[in-house]
Amino acid sequence: MKKTLWTKNFCLVTLATVLGAAGGIAGGFALSFLVFDETGSTLASALIVAIQLVPHMFLPLFIAPLMDRLPRKAFLVAGDVTNGIVYGAMGLWLLYFDFSYAGYLVVSLLLACLGSVDQLAYNSIYPGLIPRGMEEKGYAVSSMLYPVLQVVMMPLAAVLLDTLGVAWLLVAQGVLSLGAALTESFLRVQTCAQAQTERYTFRAWLGDIREALVYLRHERGLCSIYGYMAVTNGLGNGYSPILVAFFRTMPGMTAAMYSLFSVAEFLGRTLGSAVQYRVKVPEKKKFGFVFGVYQTYEAMDMCLLWLPYPLMLVSRALCGFLGSNSAILRSAAVQRYIPEQLRARINAFDSALMTAACCVFSLLVGALGEVLDYRWCVTACGAAAMAACWLFIWRGRKDVRRIYETEEAAHSAAAE
């Protein structure tokens, strides 16, 4: 019998992802306009974004040990149910009552908490829903869904915002989240090996955290990958406002030209995911491929704003294509390598590190943009990311290569 990726579990989780992401994109679009329309303040909007980052930095570390002990499906379903109720209630409130900024701050914090737990549960449960040996194909599908849905849902959300209003868009998001939860309830997930049978105490929580830290301390390859990804993603997040400022102030550049960056990167990422779904990179070539991608990506960032505009678009499309391929290989290799009973805790540490890096580098790069030409600022970010690649990935290549290229060793490590 021919092995297939599209098992019942994988079809269900893909459908649930589509429902949840479609609602999230439409709802997020509506809320971004709601806050600015009601307050007229960019600072008020920025405060919402800052508040939403906080739970992603801390909450997963508190929840992950329990998630590794209890069935993760319950966290996933309960998170989407609660998310649907909150969004639906927010929409109904706006139909009958006035907008309250203070109240929305509280709700945003609650939604961010739900989102951080839901994301951790999804990242920890998803690898177990992919048939063994089909990891790259599975992550290729998941990486393709969001950019495609974003292109479809953003224009649709804009039309619905004008015709239905924010309130009904939020109600619709609530319904879609409940639909995602219903779909997830049919998943057949193997119960975690460390099923909780005794009262969970603070001492037990500390023991679980210590166990994950001891594991990470001995896994230099994982630490190298996490370190580089935190730096490069933090710098990329940090120079995003610099790109906006560049296109706003540079003669001949416009906001519309900046928006085409997203289109070019979307096309590159979609094509990259499609190629990764059809083409399997040989095990012994994976490390060389991803290291080459990292070097190319950072080099393109260094010269991005010095290029003629058409070449900027080509650069973004190529970065999207290469970045999608390397991200799929990395996600499949890392999640396959991590022991199943530690997956939620290790993913939580990664999430906290990534969020902290984004916060720190956003401030540093923003301050740098105040005193340095925007082009040199982005070039400096690319150079720093390239240095991090050599420091973390190339310096630790022996351990990193083992994660990417030794599939059987990874399976055996995950089984220990």
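Two residues are in contact when heavy atoms of theirs lie within 4.5 Å. Helices (H or I, at least four residues) are DSSP runs, numbered from the N terminus.

The structure is a predicted model, in which local features need pLDDT of at least 70 and side-chain atom pairs count only at pLDDT 80 or more, while totals for chains, interfaces and linings use all residues. Residues are numbered from 1 along each chain as its sequence is written, and side-chain values use heavy atoms, with hydrogens and water left out.

The predictor's confidence in each residue, pLDDT, runs from 0 to 100. The chain has an average pLDDT of 86, and 92% of the residues score at least 70. Over residues 408-416, however, the pLDDT is below 50, although this stretch has 15 contacts in the model beyond near neighbours in sequence. Where pLDDT is low, the predicted coordinates should not be read in detail.

A residue is called buried under 20% relative accessible area, exposed over 50%, and partly exposed in between (1.4 Å probe, protein chains only). In helix α9 (residues 240-249), the residues Ile242, Leu243, Ala245, Phe246 and Phe247 are buried. These buried residues of α9 pack against α8 (220-238), α10 (255-278), α12 (309-337), α13 (343-371) and α14 (374-394).

A nonpolar core is a set of buried Ala, Val, Leu, Ile, Met, Phe, Trp, Tyr and Cys residues joined through side-chain atoms within 4.5 Å. The largest such core has 51 residues, of which Leu222, Met312 and Ile393 touch the most other members. Helix α8 gives the most to this core, with 8 residues. Another core, of 24 residues, lies apart from it and includes Phe10, Leu76, Ile125 and Tyr139.

Glutamate 298 lies in helix α11 (residues 286-303). Leaving aside neighbours within four places in sequence, glutamate 298 is in contact with Tyr228, Thr232, Gly382, Ala385 and Met386. Glutamate 298 is buried yet has no salt bridge, and arginine 316, the nearest side chain of opposite charge, is 7.9 Å away. A salt bridge requires a side-chain nitrogen of Lys or Arg within 4 Å of a carboxyl oxygen of Asp or Glu; Lys and Arg count as positive and Asp and Glu as negative, whereas His and the chain ends are not counted.

A search of the whole structure finds 0 disulfides, a disulfide being a pair of cysteine sulfur atoms within 2.5 Å.

Note on methods: Helices (H or I, at least four residues) and strands (E, at least two) are DSSP runs, numbered from the N terminus.
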